[in-house]
Amino acid sequence: MPSCFHLAYHVTDLEDARRFYGDLLGCREGRSTDTWVDFDFFGHQISLHLGEPFKTTNTGKVGDHMVPMPHLGVVLDMATWKPLAEKLTATGLEFVLPPTVRFAGEPGEQSTMFFRDPSGNPIEVKGFADTSGIFAS
């Protein structure tokens, strides 16, 4: 089995989380109770528990942008990233950083977008045409 990460964090409403992660992002729901729900987040396990979300600040400087820290992120291939970016844009989702290309023509060129879930948790979704650039220096 390939390695995958597990991350557990707080959300304020499980039904809002189900609509966002399940319906909007297309993540398959796993086990749940009255106080938490698991999702397959693009091949990784996230566990969303009822509680107060972690505090974030826009202190991560990447290129010309200040991005929310800490944040959850995932790296996708462009065949998956592009339709997701188009779907999220079409729904009118409010972006912290709309779909854009960073480091164009450089090692590590990537598409990215930042947004928040209904509880305010920041999420970055990156897309790479060439995954060998993920760890480019």
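Colleague: Is Asn-121 buried or exposed?
Modeller: This is a predicted model, in which local features need pLDDT of at least 70 and side-chain atom pairs count only at pLDDT 80 or more, whereas totals for chains, interfaces and linings use all residues. Residues are numbered from 1 along each chain as its sequence is written, and side-chain values use heavy atoms, with hydrogens and water left out. The cut-offs are under 20% relative accessible area for buried, over 50% for exposed and the range in between for partly exposed, with a 1.4 Å probe and protein chains only. Because its relative accessible area is 1%, Asn-121 is buried.

Colleague: In which loop is Asn-121 found?
Modeller: Strands are DSSP runs of E of at least two residues and helices are runs of H or I of at least four, both numbered from the N terminus. On that numbering, the loop that holds Asn-121 lies between β9 (110-116) and β10.

Colleague: Which residues is Asn-121 in contact with, leaving aside its neighbours within four places in sequence?
Modeller: Contact means heavy atoms within 4.5 Å. Once those sequence neighbours are set aside, the partners of Asn-121 are Tyr-9, His-10, Val-11, Pro-53, Phe-54, Phe-115 and Arg-116.

Colleague: What relative accessibility does Pro-122 have?
Modeller: Pro-122 has its place in strand β10 (residues 122-128). Not counting residues up to four places away in sequence, Pro-122 touches Phe-54, Thr-56, Pro-68, Pro-70, His-71, Leu-72, Phe-115 and Arg-116. Pro-122 counts as buried because its relative accessibility is 1%.

Colleague: Which peptide bond is cis, with omega near -15 degrees?
Modeller: One of the residues touched by Pro-122 is Pro-70, whose place is in the loop between β6 (65-69) and β7 (72-77). The cis bond with that omega is the one from Met-69 to Pro-70.

Colleague: What phi does Phe-42 have, although it is not a glycine?
Modeller: Phe-42 is found in the loop between β3 and β4 (44-50), and with a relative accessible area of 26% it is partly exposed. Its phi is positive, at about 55 degrees.

Colleague: What relative accessibility does Phe-103 have?
Modeller: Phe-103, although not a glycine, has a positive phi of about 60 degrees, and its place is in the loop between β8 (95-102) and β9. Phe-103 counts as partly exposed because its relative accessibility is 30%.

Colleague: Which residue in β3 does Arg-28 stand opposite?
Modeller: Two strands pair if DSSP finds at least two bridges between them. Strand β2 (residues 28-32) and strand β3 (residues 36-41) pair in the antiparallel sense over three bridges, and they form a hairpin with three residues between them. Within β3, the residue opposite Arg-28 is Asp-40.

Colleague: What is the radius of gyration of the chain?
Modeller: The chain has two helices and ten strands, which run β-α-β-β-β-β-β-β-α-β-β-β from the N terminus on. The radius is taken over C-alpha atoms, and the globule rule is 2.2 Å times the number of residues to the power 0.38. For 137 residues that rule gives 14 Å, and the chain is as compact as a globular protein of that length because its own value is close to this, at 15 Å.

Colleague: What share of the 137 residues in the chain is buried?
Modeller: Among the contacts in the chain with a separation of 6 or more, 51% come from residues 24 or more positions apart. The share of the 137 residues that is buried is 39%.
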